[in-house]
Amino acid sequence: MDVSQDEDIDEYEQLTTSQVLQRLNEAWINEKLSPNLLESQQEVIDCLLEQCKVTEDNFENASPFAVGVHQLEIQRIKYMATDYLRTRIKKIEKNTEYYLEDEKDSETSSKLSPAEFIFARDLYRNTHSYLNEVALKHMPAAFQNLDKRKSVTKPNLNTFVFFKVKEDCDDVLIDPRESPVDLTRDEIHISKFYPISTLLEDGKVKLF
């Protein structure tokens, strides 16, 4: 584990369970509504699942009513975590090569968790190996190479999304045909995803 990962874990340990749960809930909704893969929040999931394990280990000292309440909350957390990961896997499966290339070209933080990167890499290799075995090698030589410009699928970043402003933002260019606008906290807007993607990554807006 690198230093940045240690810092992330320390950050979540300083937050209350409800605050970490709120982060997971927001990350889950953002991921569900975003056409593109967002930065992985695996540290949030790991933190909450560890807390769930600690809670389950203490069930023997709790009353049946308290156990029932905690079990419902744990099931809710596990559902959000599972659906969050399932949503990400579906995006990776749909645009595998695009995200692998994005990882290669990225000079900043990775969008894929280590496990997701291994999954994407193996899926890409296995898919191309299978395609070559059952189809490409039986075709004339001129048709055996795939044109990446035509074969790589990409997310549609022009998809319209609703977003809610979390922090005041000045001079935001939402539509290149219009002048920049000021976004005020708690306002709700509709826009193409790409112009507000940086604001979403910076935590200044959330999808709604």
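How much accessible surface does the protein have, and what percentage of it belongs to carbon and sulfur atoms? The accessible surface comes to about 13800 Å², with 52% belonging to carbon and sulfur atoms (Shrake-Rupley method, 1.4 Å probe).

This is a predicted model, in which local features need pLDDT of at least 70, side-chain atom pairs count only at pLDDT 80 or more, and totals for chains, interfaces and linings use all residues. Residues are numbered from 1 along each chain as its sequence is written, and side-chain values use heavy atoms, leaving out hydrogens and water.

View 1. Of the 208 residues, 30% are buried (under 20% relative accessible area, 1.4 Å probe, protein chains only).

**View 2. Three strands make an open sheet in the order β4-β1-β5.** The pairing is antiparallel; two strands pair if DSSP finds at least two bridges between them. At the edges lie β4 (188-192) and β5 (205-207), each pairing on one side only. From one strand to the next, the twist averages 40°.

**View 3. Strand β1 (residues 160-165) meets β5 through 3 bridges.** Look for Val165, whose bridge partner in β5 is Val205.

**View 4. Helices α2 and α8 accompany these strands.** Helix α2 (residues 17-33) lies across β1 and β5, at about 65° to β5. Helix α8 (residues 193-201) packs on the sheet and touches β1, β4 and β5 (contact: heavy atoms within 4.5 Å). The direction of α8 makes about 120° with that of β4; angles run from 0 to 180 degrees between N-to-C directions, using axes fitted to C-alpha atoms, for helices over the stretch in contact.

Key. Buried means under 20% relative accessible area, exposed over 50%, partly exposed in between (1.4 Å probe, protein chains only). Helices (H or I, at least four residues) and strands (E, at least two) are DSSP runs, numbered from the N terminus.
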